[in-house]
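User: I am new to this structure and want to know what its descriptions rest on. Please take me through a few of them.

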Amino acid sequence: MSASDNPAGEGMGTVLGAIARTLQSEPDVETTLTAIVTAALNQVNGAEHAGISLLERGRRIRTVAPTGEVVIRIDEVQYRTGQGPCVDAIAEHEVFRTGDLTTESRWPAFTPEAAATGMRSMLAYRLFVSDTTLGSLNLYSTQTGAFGDETQRDGSVFASHAAIALASAQTEAGLQVALGNRDVIGMAKGILMQRHDLDAIAAFRMLVESSQSTNMKLHQVAAWLVEHRRDL
């Protein structure tokens, strides 16, 4: 749904509400990320490309759901130099905007390489829920001064909805993994109990000891045992 598709008189709040419901209904993290950047392109005036800088464990940042190769190129420069709108949006917990990369002075190590791609304007929003930073939503344009004050304000509301949808998808994915791990550990315990005439505590202890001795995670040891149970 693009801005031009909105019925006359339909406010941004109504549009964002519809987008929020769409994002919340996405089934997994990857699909949610793609839906976020697609909606951003459709709803944020001036945006020609978009991507998300996702914050991972160890404070590592990687680009996900980019709409073009140029997004990956620009983001790589940001991560390598430690400078740029998305890096600062994550670190400083603020929105960062630039209207002309050829004259931008805040990121001297970043801007020459970024400008060489043909992009001129960038807008980066921190994606967060409560005090937890998930990453940043980054918008790009070849036009100078592509993002104005009103666009920045509208985008901030959109980024808030996007962060909630992303956090929900990540939580759901984590729960599914946890349930899957619990099930496979239970199966492995059952195998050990039957084959070695152990009770549940002793079988679990055996799994833990195997995990420690092999330097593998508990659920990985359990999965291996379940997969190879006929060969043992």
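Analyst: The questions below concern a predicted model, beginning with the chain and moving on to its helices.

User: What makes up the chain?

Analyst: The chain holds 8 helices and 5 strands. From the N terminus they follow the order α-α-β-β-α-α-β-α-β-β-α-α-α. Of the 232 residues, 39% are buried, where buried means under 20% relative accessible area.

User: Why are H7 and H8 called roughly perpendicular?

Analyst: Helix H7 (residues 200–214) packs against helix H8 (residues 218–227) at an angle of about 110°. Angles of 65 to 115 degrees count as roughly perpendicular, and therefore H7 and H8 are described that way. Their axes are 9 Å apart.

User: Which residues make the contact of H7 with H8?

Analyst: H7 contributes Phe-204, Leu-207, Val-208, Ser-210, Ser-211 and Thr-214. From H8 come Leu-218, Val-221, Ala-222 and Leu-225. These residues divide into 7 nonpolar, 3 polar and no charged.

User: What puts the buried residues of H3 on the same side?

Analyst: The buried residues are Val-70, Val-71, Ile-74, Asp-75, Val-77 and Gln-78. They cover an arc of only 150° around the axis, so they lie on the same side of H3. Their cover includes strand S1 (49–55) and helix H4 (85–92).

Key. Residues numbered from 1 in each chain as written. Predicted model: local features only at pLDDT ≥ 70, side-chain atom pairs only at ≥ 80, totals over all residues. Heavy atoms only, no water. Axes fitted to C-alpha atoms, helices over the stretch in contact; angles between N-to-C directions. Helix = DSSP H or I, 4+ residues; strand = E, 2+ residues; numbered from the N terminus. Parallel < 35°, antiparallel > 145°, perpendicular 65-115°, else oblique. Contact = heavy atoms within 4.5 Å. Nonpolar A, V, L, I, M, F, W, Y, C, P; charged D, E, K, R; others polar. Buried < 20%, exposed > 50% of the residue type's maximum accessible area, 1.4 Å probe, protein only. Arc of directions from axis to C-beta.
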